[in-house]
Amino acid sequence: MILKKQICLLLLLSFMSWDLLANSQLVSKDLDSTKSVEKSDEESRNTQEERIKEKASYWGLTVTEWQKYEKLINEGGRRYWSPNLDPLTTLGVESETQEEREHYATLLAKKEFERTTKELEFQRIYNRMFKQLYTNVLPVELDDNPNFVAPLNYEGDRMILFIDINDNVRSETLLGKALKTNKEMDIYLLNTKHDDLAVQKWASLHHLPIDKVKSGEITLNHNSGQWEQIGKNTLPMLVQNQGGKWRQIELGDL
């Protein structure tokens, strides 16, 4: 009888040991899983922070300024008006003090100079290669050389204006001057994604004269390769065919 009790006790202790061991293993796995999730979350946060720093650094901004920019395009009116506007212009337009405006305008001027320098250098090489390949055809001439900028021929062909639909700030001045000439004009809008409603909204925003659009004096078009064929320079751009040659037009102080 005593032996039987001892055997039962040993079996009970054995079962309890196995149960404790199993529970300890489960707890260990839970702890390992929690640590793994925490490590993954931390790595994800670090990666996200590094990406934000890289983006901010490219534009000469602090992380705080970049976060303000993201808030403006995700939550503010810019989300609808000009979601693809560059960070410096967005922050500058939405600045509340003159000091901030000057700060972002300075950064934008430096960035634009850097970008334009690269583009013009590539354009010079492109022009040289184009001339070698197509000796009897000339691409549009550049405004980096004053001799290549022509005044508008009011008696000549229609003007062609290339504009990025998302660049409302820099395009407004050139569009205003072009409209003041009362010259027939074809407007080609880039980055419309062939959305007719987006073109209509853009025309309404910039107060294009409806009577001239209806009469065909002004046409609104999605860019379908015309910019790539004629332009290939900095937007916005106004051109006119003069003597069989596409020339970039300078309108002066209209």
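Colleague: Of the contacts in the protein chain with a separation of 6 or more, what share comes from residues 24 or more positions apart?
Modeller: The model is predicted, so that local features need pLDDT of at least 70 and side-chain atom pairs count only at pLDDT 80 or more, while totals for chains, interfaces and linings use all residues. Residues are numbered from 1 along each chain as its sequence is written, and side-chain values use heavy atoms, leaving out hydrogens and water. With contact taken as heavy atoms within 4.5 Å, the share is 67%.

Colleague: How far apart are the end C-alpha atoms of helix H2?
Modeller: Helices are DSSP runs (H or I, at least four residues), numbered from the N terminus, and the expected span is 1.5 Å times one less than the number of residues. For the 13 residues of H2, residues 63-75, this gives 18 Å, which agrees with the distance between the end C-alpha atoms, 18 Å.

Colleague: Within what arc do the buried residues of H2 fall?
Modeller: Buried means under 20% relative accessible area and exposed over 50%, with a 1.4 Å probe and protein chains only. In H2, Glu 65, Trp 66, Tyr 69, Leu 72 and Ile 73 are buried. Seen down the axis of H2, these line one face of the helix, because their arc, taken from the directions from the axis to the C-beta atoms, is within 120°.

Colleague: Which residues does Thr 89 contact, leaving aside neighbours within four places in sequence?
Modeller: Thr 89 lies in helix H4, residues 87-93, and is buried, with a relative accessible area of 7%. Beyond those neighbours, Thr 89 is in contact with Leu 108, Val 169 and Arg 170.

How values were computed
Helices (H or I, at least four residues) and strands (E, at least two) are DSSP runs, numbered from the N terminus.
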